Amino acid sequence: MKVNRAESLLTQAEQLCQQRGVRLTPQRLEVLRLMNEHQGAISAYDLLDLLRVAEPQAKPPTVYRALDFLLEQGFIHRVESTNSYVVCHHFEQPAHTSAMLICDRCGSVSEQQATGAENMLQALANSCGFTLGHCVIEAHGFCRPCAEIEACAHQDNCDHDHSVQGKKRGR
């Protein structure tokens, strides 16, 4: 029987919780599962809507408590600039620094490990006696497909979907 990536991620989360002596409740696991099925970042209220399919009585505190737990365990990241959350695909390395590459057109979020940036941040922190905790770097721009569309100079004569408006910050 072949185990897919989603099942593997959930199993890994369960195993890490057992090792750490913390409880991954069915609701917490369901929130993680829903997030893992969702492409990119998701807001707490969009997550609540998905959770209510299986648990109609779910309330905002239910989701926020689950998100707090998942953040604390390093299973997800909060994308501050979009007030959303994304699954961490490197939670076996709890001290890693993540770079969130956020597309301002389609809203996709790509997590990349930022080892070089982590070294620079650590050196900067050391120089002023600061102790780093958790680091997440957020960068806005365009993913490859959206960059191509944004650069298109022939909107009247191309195959691109120009109907999607950018989600640029500050609009």
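Modeller: Axes are lines fitted to C-alpha atoms, for helices over the stretch in contact, and angles run from 0 to 180 degrees between N-to-C directions. The model is predicted: local features need pLDDT of at least 70, side-chain atom pairs pLDDT 80 or more, while totals for chains, interfaces and linings use all residues. Residues are numbered from 1 along each chain as its sequence is written, and side-chain values use heavy atoms, without hydrogens and water.

Biologist: Why are α2 and α4 called roughly perpendicular?

Modeller: Their axes cross at roughly 80 degrees. Angles of 65 to 115 degrees count as roughly perpendicular, under 35 as roughly parallel, over 145 as roughly antiparallel and the rest as oblique; α2 and α4 therefore belong to the roughly perpendicular class.

Biologist: Which residues of α2 and α4 meet?

Modeller: Q27, R28, V31, L32 and M35 in α2 meet T62, A66, L67, F69 and L70 in α4, contact being heavy atoms within 4.5 Å.

Biologist: Which residues of α1 are buried, and what puts them on the same side?

Modeller: L9, L10, A13, L16 and C17 are buried, that is, under 20% relative accessible area, with exposed over 50% and partly exposed in between (1.4 Å probe, protein chains only). They share a side of α1 because their arc around the axis is only 125 degrees, taken from the directions from the helix axis to the C-beta atoms. On the other side of α1, Q18 and Q19 are exposed.

Biologist: What makes β3 and β4 a pair?

Modeller: Pairing takes at least two bridges found by DSSP. Strands β3 and β4 have 5 and run antiparallel, so they meet that definition.

Note on methods: Helix = DSSP H or I, 4+ residues; strand = E, 2+ residues; numbered from the N terminus.
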